[in-house]
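Have a look at the structure first, then read on.

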Amino acid sequence: MENSSEIVSFVLSMYGDIGHLKYLYFLLIMIIYVSVILANTALIVIIYVKPNLHEPMYLFLCSLFVNDIYGSTALLPCLMVQILSETHDISLLFCFIQIFNIQTYVVLEFQILAIMSYDRYVCICKPLHYNSIITTRRVQIVILVTWIVSFVENGVLLSFTIRLRFCGTVIEKVCCVNYLVLELSCSTHKILSYVNDMVFGFVFCVTAPLVFILFTYIKILSVCLKASKETKTKAFDTCTPHLVSIMSLVFYCFYNLISQRFDMTFVPLELEVILSMYVFLVQPLLNPLIYGLKLSKIREAFKKLS
């Protein structure tokens with residue numbers, strides 16, 4: 001087993017010299033982070049205190065909102081510290097913790113959205129059997145298993161990176177990213193880490209949920225084409241927020257994949273930084289916004305509380 005004791009920290013080089021603008025950036029990130037916490041917590045509380053929202057779909061939404069808080073907390077507090085810091089070093093330990101949290105957040109987001117797509121499929125395609133298939137007890141078990149599997153899975157994947165010996169120290173991002181950390185390794189075992197990262201990280205954690213989501217929506221579309229106007233309207237109302245959330249997440253993953261494979265120097269640095277943090281800045285605000293505005297039960301519950 002090789003270790004990384006020769007290097008004790010990495011340098012996050014994308015911050016550059018932003019001068020006095022760092023205070024403005026710090027304020028903007030803090031406003032976004034506080035907004036994420038307030039918006040997601042508000043909807044979690046509304047779902048918790050309103051008995052008519054104790055339904056499977058809203059339990060999935062609670063899991064999604066908790067994950068959005070978890071995801072933004074995985075990066076934004078560290079980002080604020082780094083913005084104000086004169087040096088942009090991050091210890092190996094905190095770097096590995098950040099990688100674990102970031103990857104777990106993205107994987108959970110895909111898995112929760114995949115489960116929600118199945119919920120929509122049963123609701124629209126098998127409405128008479130919905131209450132017998134999607135029970136509260138089953139939903140609670142599925143949510144618990146999803147979180148446990150995601151944490152264990154990413155812990156195992158990260159263990160391959162932790163074992164490596166590192167020769168480089170500069171990470172050209174504002175946060176630690178696993179594939180960039182792997183590139184800093186001079187260990188003979190890093191090819192194994194690449195394979196595990198690709199097979200388990202990309203295929204099982206991203207591609208598989210996307211294929212499942214696509215399958216469920218093909219089924220939903222086939223039913224809607226033959227259904228009444230009322231069924232089509234119901235499907236549109238319940239599926240629109242879900243589709244928007246999926247497309248937003250896919251956009252981030254697509255950009256992330258492209259930026260790893262091609263030269264992105266033609267993209268302005270500021271835009272590249274924003275796009276690289278898109279899933280932590282936009283996604284955690286987008287979900288509570290679209291679900292809060294689109295779903296009538298949540299809107300009505302919010303009006304009564306306010």
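1. The second largest cavity holds about 30 Å³ of space. A cavity here is a set of points, on a 1 Å grid over the protein atoms alone, where a 1.4 Å probe fits but cannot get out; grid points are joined across faces, edges and corners, and a volume is the space filled by probe spheres set on the points. Its lining (residues with an atom within 4 Å of a point) is made up of F60, S63, I112, I115, I143, T146 and W147. The elements giving two or more of these residues are α2, α3 and α5 (136–162), and α5 gives the most, with three.

2. A word on the basis. This is a predicted model, where local features need pLDDT of at least 70 and side-chain atom pairs count only at pLDDT 80 or more, while totals for chains, interfaces and linings use all residues. Residues are numbered from 1 along each chain as its sequence is written, and side-chain values use heavy atoms, with hydrogens and water left out.

3. The whole structure has two cavities of 30 Å³ or more. The largest has about 40 Å³ of space, and M57, M116, D119, R120, T238, H242, Y291 and L295 line it. Helices α3 (92–125) and α8 (229–261) each give two or more of those residues, with α3 giving the most, three. Helices are DSSP runs of H or I, at least four residues, numbered from the N terminus.

4. How do the two linings divide by class? For the classes, Ala, Val, Leu, Ile, Met, Phe, Trp, Tyr, Cys and Pro count as nonpolar, Asp, Glu, Lys and Arg as charged, and the others, Gly among them, as polar.

5. On to the second largest pocket, at about 490 Å³. A pocket is an open set with protein on both sides within 12 Å along at least five of seven lines. It has 19 lining residues, with Y25, E270, V273, I274 and M277 nearest its centre. By class they are 16 nonpolar, one polar and two charged. Helix α1 (21–49) supplies the largest share, five residues.

6. Finally, S276 sits in helix α9 (269–276). S276 counts as buried because its relative accessibility is 11%, buried meaning under 20% relative accessible area (1.4 Å probe, protein chains only). A polar atom of its side chain lies 2.7 Å from the backbone oxygen of V273.

Key. Buried means under 20% relative accessible area, exposed over 50%, partly exposed in between (1.4 Å probe, protein chains only). A polar contact is a pair of N or O atoms within 3.5 Å; within protein, one must be able to donate a hydrogen and the other to accept it, and residues adjacent in sequence count only if both atoms are side-chain atoms.
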